[in-house]
2 protein chains.
Amino acid sequence: MQDSSKKIYEGKAKIIYETENPDVLISYFKDDATAFNAQKRGMIVGKGEMNCRIASHLFQLLESRGIDTHYIDRLTANEMLIKAVEIVPLEVIVRNIAAGSLCKQTGLPEGLHLPQPIVEYCYKSDSLGDPLLTDDRLALLNVATPAEVATIGSLARRVNEVLTDFFAKCGIVLVDFKIEFGRDRTGNILLADEISPDSCRLWLANEPDPVLRILDKDRFRRDLGNVEGAYREVLRRVEGGA
Amino acid sequence: MQDSSKKIYEGKAKIIYETENPDVLISYFKDDATAFNAQKRGMIVGKGEMNCRIASHLFQLLESRGIDTHYIDRLTANEMLIKAVEIVPLEVIVRNIAAGSLCKQTGLPEGLHLPQPIVEYCYKSDSLGDPLLTDDRLALLNVATPAEVATIGSLARRVNEVLTDFFAKCGIVLVDFKIEFGRDRTGNILLADEISPDSCRLWLANEPDPVLRILDKDRFRRDLGNVEGAYREVLRRVEGGA
């Protein structure tokens, strides 16, 4: 951690510090874990470092496929150098298989393969509980211009294509994931935040058991045990699948 | 009530009875009032008759403007003769001004005039709490074909145009409303259920006071008093505005 740097933001899983360059920040990945809008709190030992390494790997992969991200470099075990952006207050969720809130809210069965990937938007607001947005509500809230929303939607689909292929090569099914975007000083939309087992649902490809296959934060949410082991397995496969 | 008729469905505010003709049913309007997914229960004296008369009037108005509805005739004070339909399990909500769940869920201010009317869909499911649906979720649930959804959306907008104009002539602002649709035996989509102060937000046009102006079920939901008086005022204006 940078003792000399000023903390400018602390979220549930990360702390953002400034650097001498106003266009560059440091993202520090914490071991803290929260779920259900922070109603459940805990710690996953080593998570900060594992997520920082996984996210660094995936950001580099996406950059190599032409997707602009906030990633600059990995600084220490759990610190990432990132471009300063203004975060668009949307949780952008891409789903390939029905799980989580989609099933809870609609009654669709978990594990249903969707006919095509869908992109959903939730309004990032802890006090409102990150509500799901229809296209009309997204437009009314005016948190992004229509052009930005179109860019974000097509980037999200492209990220899904790249990551689905990559995880498949790692023997992992990318069920769904949440990403966030930011605007840099010139208004470019960059993929920001993180991509990790905290923000993705990842299932072992050849494991039919619906609990054993889970390699993501659902092990923490649902008290399934072996949380650290699952994150470590994702890290091993992601770094091995380079 | 038809003692000789068999009850085939009882909802929160209505009972449906069969007749000797399988294509014709009787809708009996109850005085019972519920709110918040039936967590709040009560009674509004005379509501059954008032809503039956208001809905009859509005269905006839809509029919006269070319919108097919399930309405056939008014039978008694609180009974309506209707065409038998299979209800599409969607609550179709049309909004002109922000209020209710739109404000609670997004933080948009109550009373905000929307740049254009919006149509929202909730999945009719008491156990799931009538969840809001995105277009993708609506398609995944497969409760209506894409062609039916398109028909329902354009009918809902047309209903809004006719009712907004009509209520304006009655000195009432149509803030939002919930309607339901059904399929008849040949697959035609008909406007069904009811249109009444139970299912609309109606504000007095020239009353700036945000509580005094309310002429709908929000008086019951929010314990504002004078519920019967508000319904009676709507009935008086609707029948007078014929």
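In the predicted model, strand E9 (residues 90–97) of chain B is joined to strand E10 (residues 113–123) of chain B by seven bridges, and the two run antiparallel. Within this pairing, B:Ile97 stands opposite B:His113 of E10(B). E9(B) also pairs with strand E12 (residues 172–179) of chain B, again in the antiparallel sense, over four bridges. Here B:Val92 has B:Ile179 of E12(B) opposite to it. Eight of the eight residues of E9(B) are buried, so the strand is largely enclosed by the rest of the structure. In a regular strand, side chains alternate between the two faces of the sheet.

Chain B also contains an open sheet of three strands, in the order E8-E13-E14, with antiparallel pairing. Its edge strands are E8 (86–87) and E14 (189–191) of chain B, each of which pairs on one side only. E8(B) is linked to strand E13 (residues 181–183) of chain B by two bridges, and B:Gly182 in E13(B) is the bridge partner of B:Ile87. Helix H4 (residues 146–169) of chain B packs on this sheet, where it touches E13 and E14 of chain B. The direction of H4(B) makes about 30° with that of E14(B).

Two residues of chain B that touch each other, B:Thr69 and B:Lys83, were examined individually. B:Thr69 lies in the loop between helix H1 (47–64) and strand E6 (71–76) of chain B. B:Thr69 has a relative accessible area of 0% and is therefore buried, the cut-off being under 20%. Leaving aside residues up to four places away in sequence, B:Thr69 touches B:Phe59, B:Leu62, B:Glu63, B:Lys83, B:Leu190 and B:Leu191. B:Lys83, in contrast, is partly exposed, with a relative accessible area of 33%. B:Lys83 is found in strand E7 (residues 79–83) of chain B. With the same exclusion of residues up to four places away, the contacts of B:Lys83 are B:Asp23, B:Glu63, B:Thr69, B:His70, B:Tyr71, B:Ile72 and B:Leu190. The C-alpha atoms of B:Lys83 and B:Ala150 are separated by 22 Å, the two residues being 67 residues apart along the chain.

In chain A, helix H1 (residues 47–64) has 18 residues. H1(A) reaches 25 Å from its first C-alpha to its last, close to the 26 Å expected at 1.5 Å a residue. The helix is mostly covered, as 13 of its 18 residues are buried. H1(A) is followed by A:Gly66, which has a positive phi, near 90°.

Chain B is superposed on chain A by a rotation of 180° with 0.0 Å of shift along the axis, at an RMSD of 0.0 Å. The two copies are thus related as by a two-fold rotation axis. The same surface serves both copies, since 100% of the contact residues of chain B recur in chain A. Of the residues of chain B, B:Thr134 comes closest to the rotation axis, with its C-alpha at 2.5 Å.

The contact between the chains takes 24 residues from chain B and 24 residues from chain A. About 1900 Å² of area is buried between them, and carbon and sulfur atoms give 65% of this area. On the chain B side, the residues that lose the most area to chain A are B:Thr106, B:Arg137 and B:Leu140. Together these residues account for 35% of what that side buries.

Definitions and conventions: Residues are numbered from 1 along each chain as its sequence is written. Chains are lettered from A and ligands numbered from 1 in the order in which they are written. This is a predicted model: local features need pLDDT of at least 70, side-chain atom pairs count only at pLDDT 80 or more; totals for chains, interfaces and linings use all residues. Side-chain values use heavy atoms; hydrogens and water are left out. The expected span of a helix is 1.5 Å times one less than its number of residues. Buried means under 20% relative accessible area, exposed over 50%, partly exposed in between (1.4 Å probe, protein chains only). Copies are superposed by least squares on the C-alpha atoms of residues with pLDDT of at least 70 in both. Contact means heavy atoms within 4.5 Å. Two strands pair if DSSP finds at least two bridges between them. Axes are lines fitted to C-alpha atoms, for helices over the stretch in contact, and angles run from 0 to 180 degrees between N-to-C directions. Buried area is the accessible area (1.4 Å probe) that two parts lose on being put together, summed over both.
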